[in-house]
Amino acid sequence: MSTYQGLRLEKHGVAAVVTLDNPPANTWTRQSLADLVRLIDDVEADPALRVLILVGAGDKFFCAGADLKQFAEGDVAVAAEAASAFGRAFERLSAYRGVSIAAINGYAMGGGLEVALACDLRVAEAQAQLALPEAGVGLLPCAGGTQLLPHLVGEGWAKRMILLGERVDADTALGIGLIEQVAGKGEALSVALEMAAKVARQSPASTLACKTLIQRARSVPPALNLPLERELFVGLFADPNQQEGVRAFLEKRAPVWQVPGKGERP
């Protein structure tokens with residue numbers, strides 16, 4: 001198995017569990033961001049893996065974002081390289097063909113929250129704290145925070161978190177739509193694995209088509225997306241899983257999905 005700086009990859013059934021492991025706060029480096037891209041490519045090459053779960057090492061931090069020491073000298077070139085690295089990594093995560101889940105098991109700050117925002121779903125343990133505090137140190141969230149957070153929580157809460165630097169706890173995050181579920185301490189990963197088991201019950205091609213349409217709804221108006229929705233619906237009839245799914249339902253049994261071959265996409 002390949003190695004990745006600051007990231008540990010383990011396979012649990014259909015799920016690839018990625019542990020963010022850069023003590024003491026699981027911060028990102030330019031190398032770990034580059035390795036995240038490579039890791040996602042490797043996961044996609046394995047047709048048996050349909051879910052990507054991110055969790056933090058230890059029980060205090062999910063991820064504290066970037067190490068601010070690299071910005072202490074005000075080096076513009078360093079800032080440009082870091083911003084590009086964050087953008088490439090998190091946009092690749094957002095484009096992952098399967099379902100991505102952030103199992104937030106502690107503090108998720110700055111680029112730590114932004115990597116969770118790039119995921120499809122988010123589970124946070126009860127003690128977790130979530131924030132985008134960049135403006136308080138003369139910076140701004142440059143890895144999708146200003147764009148993805150308002151999409152989830154609305155402009156008002158996004159402004160509270162970014163312009164006022166407010167932290168939110170797990171219960172508040174659930175109430176405003178920032179996360180989908182609160183888990184007990186130490187249980188975020190197990191909840192995420194339960195979600196992965198639910199993904200496994202869905203058709204791979206259907207899941208990808210639905211994710212594509214849902215994410216396009218962020219920027220493309222319904223009048224343009226509705227024709228594509230119908231087009232992708234008809235396109236699923238070229239997939240053998242379409243007939244398997246319908247037959248399994250009519251026969252009152254669980255479907256047995258065919259997964260793509262190595263290197264193929266559903």
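## A serine in a helix

S94 is part of helix 2, which covers residues 76-94. The model is a predicted one. S94 has a relative accessible area of 15%, and because buried means under 20%, S94 counts as buried.

Apart from neighbours within four places in sequence, S94 is in contact with A118, K211, Q215 and R218.

## Two domains

How is the chain divided by the domain assignment? Domain 1 takes in 7-200 and domain 2 takes in 202-251. Taken over C-alpha atoms, the centres of domain 1 and domain 2 are 27 Å apart.

## Where the domains meet

Domain 1 puts 13 residues in contact with 8 residues of domain 2. The area buried between the two domains is about 800 Å², and carbon and sulfur atoms give 43% of that area.

The interface of domain 1 and domain 2 has 1 salt bridge. Also across this interface are 8 residue pairs in polar contact, with both residues at pLDDT 80 or more. On the side of domain 1 that touches domain 2, the elements that give two or more residues are strand 5 (99-104), helix 4 (145-163) and helix 6 (188-200). Helix 6 provides the largest share of that side, with 3 residues. Sorted by class, the side of domain 1 that touches domain 2 holds 5 nonpolar, 4 polar and 4 charged residues.

## A salt bridge

K211, already listed as a contact of S94, forms a salt bridge with D120. The closest N and O atoms of D120 and K211 are 2.9 Å apart.

Notes: Residues numbered from 1 in each chain as written. Predicted model: local features only at pLDDT ≥ 70, side-chain atom pairs only at ≥ 80, totals over all residues. Heavy atoms only, no water. Helix = DSSP H or I, 4+ residues; strand = E, 2+ residues; numbered from the N terminus. Buried < 20%, exposed > 50% of the residue type's maximum accessible area, 1.4 Å probe, protein only. Contact = heavy atoms within 4.5 Å. Domains from an automatic or database assignment. Buried area = accessible area lost by both parts, 1.4 Å probe. Salt bridge = Lys/Arg side-chain N within 4 Å of Asp/Glu carboxyl O. Polar contact = N/O pair within 3.5 Å; in protein donor to acceptor, adjacent residues only side chain to side chain. Nonpolar A, V, L, I, M, F, W, Y, C, P; charged D, E, K, R; others polar.
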